[in-house]
Amino acid sequence: MINSNVFDYVNVLDKAADAAWLRNEVISNNIANADTPGYKRQDVDFEAQLSKALGRVDADEMDSKVAGLRSRELEARTHSDYSEFDYRLDENNVDIQVENVNLAKNQLKYNGLMTSIRMEFQNLTTVMK
């Protein structure tokens, strides 16, 4: 098992869960600043980073692509979203209803990632028995 890539998917799922956790914090911060003049909403763009990182790996099969990923390429980053756009006079671009929907969507994603990680470890346990 020393040369095995058994944890490749778990590592990617872990990075995705970290990104979802960060997105949850960022969305909560957006909601908290919904009435702050000049505040620009923030977001986390992990999915685009994952897609780019997978595209850089020269392999045909997904298992090989995931095995070729470097974890530092999958660090979640926060960025200002629609920073040049504001639809209010106070130059704030946070829509509280959109943020609440994004928060619910992100919580579902996080729960799904946790379930996937748990299932990966259940599969490993089954194989070791």
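## How the helices pack

Axes here are lines fitted to C-alpha atoms, for helices over the stretch in contact, and angles run from 0 to 180 degrees between N-to-C directions. Helices (H or I, at least four residues) and strands (E, at least two) are DSSP runs, numbered from the N terminus. In this predicted model, local features need pLDDT of at least 70 and side-chain atom pairs count only at pLDDT 80 or more, while totals for chains, interfaces and linings use all residues. Residues are numbered from 1 along each chain as its sequence is written, and side-chain values use heavy atoms, with hydrogens and water left out.

With that in hand, let us turn to helix α1 (residues 8–32) and helix α4 (residues 96–128), which pack at an angle of about 160° with their axes 9 Å apart. The two are therefore roughly antiparallel to each other (angles under 35 degrees count as roughly parallel, over 145 as roughly antiparallel, 65 to 115 as roughly perpendicular and the rest as oblique). By class, the contact of α1 with α4 has 15 nonpolar, eight polar and five charged residues. In this grouping Ala, Val, Leu, Ile, Met, Phe, Trp, Tyr, Cys and Pro count as nonpolar, Asp, Glu, Lys and Arg as charged, and the others, Gly among them, as polar.

## Confidence

How confident is the predictor on average? The protein averages a pLDDT of 88, and 97% of the residues score at least 70; pLDDT is the predictor's confidence in each residue, from 0 to 100.

## The nonpolar core

The largest nonpolar core holds 19 residues, and those touching the most other members are Val12, Phe46, Leu50, Leu54, Leu69, Leu74 and Leu113. Elements giving two or more residues to this core are α1, α2 (46–56) and α4. Its largest share, seven residues, comes from α1. A nonpolar core is a set of buried Ala, Val, Leu, Ile, Met, Phe, Trp, Tyr and Cys residues joined through side-chain atoms within 4.5 Å. Buried means under 20% relative accessible area, exposed over 50%, and partly exposed in between (1.4 Å probe, protein chains only).

## Residues in the loops

Which residue other than glycine has a positive phi? Glu91 does, with phi near 65°. Glu91 sits in the loop between β2 (78–80) and α4 and counts as partly exposed, at 46% relative accessibility.

Asp58 belongs to the loop between α2 and α3 and is exposed, with a relative accessible area of 81%. Its C-alpha atom is separated by 8.4 Å from that of Gly68, ten residues apart along the chain. The loop between α3 and β2 holds Ser71 and Ala76. Ser71 is partly exposed at 48%, and Ala76 is partly exposed at 26%. The C-alpha atoms of Ser71 and Leu108, 37 residues apart along the chain, have 24 Å between them, whereas those of Ala76 and Arg41, 35 residues apart, are separated by 16 Å.

## A residue of helix α1

Is Asp8 buried or exposed? Asp8, placed in helix α1, counts as buried at 15% relative accessibility. Between the C-alpha atoms of Asp8 and Ala19, eleven residues apart along the chain, there are 17 Å.
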